[in-house]
Amino acid sequence: MTALKTALNTLLFDLDGTLLPLELDVFMKGYFRALLPRISHLLEPETATKEIWAATAAMIRNEDPNLTNEQVFKAAFFGRAAVTEEDIWPLFDEFYRRDFAELRSLSEPSAISREICRNALEKGYRVVVATNPIFPETAIRWRLEWAGVGDLPFDLVTTMENSHFCKPSPKYYVEIMDKLGVSPFECIMFGNDVQEDGVAGKIGMQTYLVTDCLIDRGVGHLEFDHRGTLADARAFVEALPMLSETEGSH
């Protein structure tokens, strides 16, 4: 039997509550407060909220590897809502391009996030923004800007357009590994959500629970290999060894 390669060379970071400190409930309330007036002439706010959540739930449940999260969302949303894609989707696009930026005030960016990511990249590690891909790339790019890391050369940023699964499905993490050509034993997942990020440990990744904006639904018991604040995570990454060109080649 060939020995498994166990050298850590790939770091995955959650975004909301990890690289971008925020309170998720507060942020989502602000999100709907900003979005709903833009589409209220087509859908009543209560109906729009219900259908968006239902379509999001469909993405999270999806097990079909042939459908992107965006395709699943659209099929669910337009299969239920009494509105056409041609009418409302351009309004969603415009909202994410222009109005989404106003939600920055609902986050609390930390300079530590950039220090962590730059340090890892400079040492030769693959770095992935492993945010739950329930938002389009435009919205995720805004949040990366807020976090102070929008210009960094990440190996992968998961979005609803390029992903086929969502957290907490283990398949979300398997898809990332397949794209990068790495094994779980080469990866560590940093995140603040016990269930969504901790499941990475079930497939063999190391896990680091970032406790500043901790989310724990109390469902199931997941052990983390490491835990600490974002500042502690910075110290952890600073202590990682430099990778050789071969180990760190992308």
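Student: Okay, what does "buried" mean here?
Tutor: Buried means under 20% relative accessible area. Keep in mind that this is a predicted model.

Student: Got it. So is Met-177 buried or exposed?
Tutor: Met-177 has a relative accessible area of 8%, so it counts as buried.

Student: Where is Met-177 found?
Tutor: It's in helix α7, which covers residues 170–180.

Student: And what does Met-177 touch?
Tutor: Leaving out residues up to four places away in sequence, Met-177 touches Val-182, Ser-183, Pro-184, Cys-187, Ile-203 and Met-205. Take Cys-187: it sits 10 residues from Met-177 along the chain, and their C-alpha atoms are 8.6 Å apart.

Student: Which residues are on which side of β4?
Tutor: Cys-187, Met-189 and Gly-191 are on one side, with Ile-188 and Phe-190 on the other. Both faces are covered. In general, side chains in a regular strand alternate between the two faces of the sheet.

Student: Which strands is β4 joined to?
Tutor: β1, residues 10–13, is joined to β4 by 4 bridges, and the two run parallel. There, Leu-11 stands opposite Ile-188. Another 4 bridges join β4 to β5, also running parallel. In that pair, Gly-191 stands opposite Leu-209.

Student: Zooming out, what order do the strands come in?
Tutor: The 6 strands form an open sheet in the order β3-β2-β1-β4-β5-β6, with parallel pairing. The edge strands are β3 (156–157) and β6 (226–228), and each pairs on one side only.

Student: How many bridges join β5 to β6?
Tutor: 3 bridges, with the strands running parallel. Tyr-208 has His-226 in β6 as its bridge partner.

Student: New topic: helices! How do α1 and α2 cross?
Tutor: The axes of α1 (residues 24–39) and α2 (residues 45–61) come within 10 Å and cross at roughly 120 degrees. That makes α1 oblique to α2. The crossing is right-handed.

Student: Which residues meet there?
Tutor: From α1 you have Met-28, Phe-32, Leu-35, Leu-36 and Ile-39; they meet Pro-45, Ala-48, Thr-49, Ile-52 and Trp-53 in α2. The residues of this contact divide into 9 nonpolar, 1 polar and no charged.

How values were computed:
Residues numbered from 1 in each chain as written. Predicted model: local features only at pLDDT ≥ 70, side-chain atom pairs only at ≥ 80, totals over all residues. Heavy atoms only, no water. Pairing = 2+ DSSP bridges. Axes fitted to C-alpha atoms, helices over the stretch in contact; angles between N-to-C directions. Parallel < 35°, antiparallel > 145°, perpendicular 65-115°, else oblique. Left-handed = near helix turned anticlockwise from the far one by under 90°. Contact = heavy atoms within 4.5 Å. Nonpolar A, V, L, I, M, F, W, Y, C, P; charged D, E, K, R; others polar. Buried < 20%, exposed > 50% of the residue type's maximum accessible area, 1.4 Å probe, protein only.
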